[in-house]
Amino acid sequence: MVVLPILWTVVIAFQDLRLRNLRTRLFDFQFTLDNFETVLTSPGFLSALRVTLIYSIVGTALSIALGLVAALVVRKPFRGRTFVRASMLLPYVAPVVAVTFVWQIMLSPELGVVNAVGTDVLGWSEAIPFLEQRNGTLNLFGFSLGVPTALIVVILYQAWRYFPFSFLFILARLQALPGELDEAARVDGATPLQRFWRITLPQLQGVIALLTVLRFIWTFNEFDDIYLLTQGGAGTEVVSVRVFNYLTGRGDIGAAAALSLVLALLLVVLLFFYFRFFVGRVDEADAI
Amino acid sequence: MSRTDVDTGVADRPQAAEPARRPARRPRPPLSREIVETRILGVLKWITIAFFLVATLFPFYYMVELSIRSIEDVALDPGALWPPRGASLSAFGEVLRSVEDGGQGFLVFLRNSGLVALASVAVTLVVSILGAYAIARLQFFGRRQVHFLFLAVYLFPAILLAIPLFVFFTRIGLRGSLFGLVLVYVSQIVPVTIHMLRNYFESIPEGLEEAAALDGAGRLTIIRRISLPLAMPAIMATSLFVFMIAWNEFLFALLFLVENRENWTVSLGLSQLAGSVEVAKTTLMAGSVILTVPIIVLFFATERLLVEGLTAGAEKG
């Protein structure tokens with residue numbers, strides 16, 4: 001059920017298969033490279049690729065960094081810790097459709113609380129359409145800075161929704177760390193920050209490397225969140241949204257399959273380089 | 001904080017400046033870096049916890065708050081975070097009523113989601129318990145490779161798997177049926193659940209099963225009477241995990257069910273609702289609450305179990 005569909009996708013990618021000729025063409029094995037030509041040369045492919053890369057790299061880094069901070073602050077027991085921990089997992093367990101809609105309304109120019117606070121309290125001159133604006137300008141201390149508003153918002157959303165995953169795994173690892181090392185360093189006069197950088201963080205290296213791989217893979221393939229937030233508009237079209245549009249919008253199954261293969265291949269190449277140059281411990285994958 | 005901006009204590013002080021007075025009064029210990037950092041971090045910790053709590057809880061509070069306000073009220077005063085004026089549950093009524101009664105028919109969607117999620121749990125459990133047991137206990141050719149193959153499923157985008165399934169189900173006419181959707185969910189989740197359960201089965205001492213075998217129990221009896229009861233925590237965690245995934249899932253529901261309204265799940269129904277202009281945003285939020293509440297209740301009720309089940313083995317690092 002898993003291997004077969006993948007192989008079949010490969011076959012479809014080389015077929016001229018559309019929704020309307022599905023009945024007649026499915027077993028017509030005349031292979032062609034047209035699909036690849038279509039998707040690779042179509043306008044917007046390169047920009048989708050760029051957006052996907054930015055989204056995955058920044059999103060992965062942010063969600064892991066947030067997860068690390070969150071895990072560190074709830075590491076030691078305190079009153080209400082169970083509640084805090086459970087709350088921090090909420091964005092991850094809540095249904096994607098519901099949370100994307102809340103974000104949409106929260107950020108909406110007419111109804112959203114963010115723009116209401118922004119214009120009433122913070123003195124913005126006008127409401128910002130966070131999810132519809134491709135390029136905004138940020139005025140900071142007299143400098144104007146062009147920023148891809150929607151893309152930034154989508155990345156922040158992704159960090160918010162997926163930091164709990166990193167949080168969970170880093171916390172589990174933190175609590176399994178032997179206390180002696182930290183204690184010894186404390187006796188030797190290492191301050192809390194020194195102990196974090198020199199003792200704790202190195203011991204978390206393994207789990208962070210593993211999380212980097214997993215989160216990168218999942219963010220790279222991410223579809224639901226972006227599709228629901230922006231439908232891929234305003235400069236947030238990632239490759240998987242394009243695949244979906246080929247499949248349902250144009251009914252071009254062959255092109256959709258070809259593009260999704262390109263996406264998967266690219267991921268394999270990127271992971272190869274990651275393992276080659278950054279990680280020596282591939283066996284971490286066993287830990288999950 | 002860099003190394004230099006904190007007073008590092010006695011050692012760095014210019015001793016020559018006041019050599020005479022020092023031995024005279026000793027009682028006040030120098031403000032060491034240890035103390036400064038501990039205090040600052042102690043304060044920062046609570047600020048950070050407060051920040052995370054607000055960031056994670058606020059959207060959910062906001063969702064509930066909007067669902068009980070009227071859309072006119074929201075349009076007038078979008079920044080109001082406390083709903084004293086005209087709070088009502090009418091949006092929920094509209095969402096839940098059937099289409100014939102002028103509502104959105106979410107009761108049917110709830111039933112569909114529930115059916116799909118429960119069926120997915122049941123089928124996944126049967127398949128993955130047998131599969132995980134086989135991989136953990138039985139010797140067969142390619143045992144290690146199977147394990148790797150299962151993890152490879154992580155690598156591929158859901159949309160890549162969706163294409164052939166879309167073609168296949170369109171072809172055999174299962175597209176649009178809840179049964180087809182369950183089949184898809186199970187095939188997506190099984191690799192992961194087999195992996196989770198396998199880890200657990202392997203941690204059960206083989207001696208127990210051998211003892212049962214010596215007493216004349218067959219393989220199936222052993223699984224049923226020995227292994228399953230022992231693996232119950234992992235099985236519960238797995239079931240919850242599957243239930244949540246199936247309940248929350250969106251992409252496949254969208255691809256397979258969209259043309260068939262009476263089979264929509266809550267997620268799909270909600271997303272389709274968002275597309276139509278005449279539905280008020282507050283109604284949308286009521287739908288979101290309906291979609292979210294079962295999951296959150298389930299999650300808070302079983303949080304400990306779920307967390308331990310999901311991260312079991314992660315500590316090995």
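Me: Is B:L174 buried, exposed or something in between?
Reply: B:L174 has 17 C-beta neighbours inside 10 Å and therefore counts as partly exposed; buried needs 20 or more other C-beta atoms within 10 Å of a residue's own, exposed means 12 or fewer, partly exposed is in between, and the C-beta atoms are placed from the backbone. This is a predicted model, in which local features need pLDDT of at least 70 and side-chain atom pairs count only at pLDDT 80 or more, while totals for chains, interfaces and linings use all residues. Residues are numbered from 1 along each chain as its sequence is written, and chains are lettered from A and ligands numbered from 1 in the order in which they are written.

Me: Where does B:L174 lie, and what is it in contact with?
Reply: B:L174 lies in the loop that joins α6 and α7 of chain B, where helices (H or I, at least four residues) and strands (E, at least two) are DSSP runs numbered from the N terminus. Leaving aside neighbours within four places in sequence, B:L174 is in contact with B:F169, B:F179 and B:G180, a contact being two residues whose C-beta atoms, placed from the backbone, lie within 7 Å.

Me: And how far apart are B:L174 and B:V192?
Reply: B:L174 and B:V192 are 18 residues apart in sequence, and from C-alpha to C-alpha they are 25 Å apart in space.

Me: What does α7(B) cross in its own chain?
Reply: Helix α4 (residues 106-137) of chain B crosses α7(B) at roughly 40°, and their axes come within 6 Å; axes are lines fitted to C-alpha atoms, for helices over the stretch in contact, and angles run from 0 to 180 degrees between N-to-C directions. The two helices α4(B) and α7(B) are therefore oblique to each other, since angles under 35 degrees count as roughly parallel, over 145 as roughly antiparallel, 65 to 115 as roughly perpendicular and the rest as oblique.

Me: What sort of residues make up that contact of α4(B) with α7(B)?
Reply: The crossing of α4(B) with α7(B) is right-handed, and the residues of the contact divide into 20 nonpolar, six polar and three charged. Left-handed would mean that the near helix is turned anticlockwise from the far one by less than a right angle, and right-handed that it is turned clockwise, while Ala, Val, Leu, Ile, Met, Phe, Trp, Tyr, Cys and Pro count as nonpolar, Asp, Glu, Lys and Arg as charged, and the others, Gly among them, as polar.

Me: Switching to the interface, how many residues does each chain give to the contact?
Reply: Chain B gives 72 residues to the contact and chain A gives 68 residues. On the side of chain B that touches chain A, α1(B) supplies the largest share, 18 residues, and that side divides into 49 nonpolar, 14 polar and nine charged residues.

Me: How does α1(B) pack on α4(A)?
Reply: The axes of α4(A) and α1(B) are 10 Å apart and the helices pack at an angle of about 120°, so they are oblique to each other. Their crossing is left-handed, and the contact is made by A:V69, A:A70 and A:V73 of α4(A) with B:K45, B:T48, B:I49 and B:F52 of α1(B).

Me: Which residues are buried in α7(A), and what covers them?
Reply: In helix α7 (residues 113-120) of chain A, the residues A:V113, A:V114, A:N115 and A:A116 are buried. The cover over the buried residues of α7(A) includes α6 (96-106) of chain A and α1 (33-68) of chain B.

Me: Within chain A, at what angle do α8(A) and α10(A) pack?
Reply: Helix α8 (residues 149-176) and helix α10 (residues 192-220) of chain A pack at about 150° with their axes 10 Å apart, and are therefore roughly antiparallel to each other. The residues of that contact divide into six nonpolar, three polar and two charged.

Me: How many helices and strands are there in chain A, and how many in chain B?
Reply: Chain A has 13 helices and two strands, whereas chain B has 13 helices and zero strands. Of the 288 residues of chain A, 43% count as buried, and of the 317 residues in chain B, 37% are buried.

Me: Last one, where does pLDDT stay under 50 in chain A?
Reply: It stays under 50 over residues 281-288 of chain A, pLDDT being the predictor's confidence in each residue, from 0 to 100. The mean pLDDT of chain A is 81, with 86% of its residues at 70 or more.
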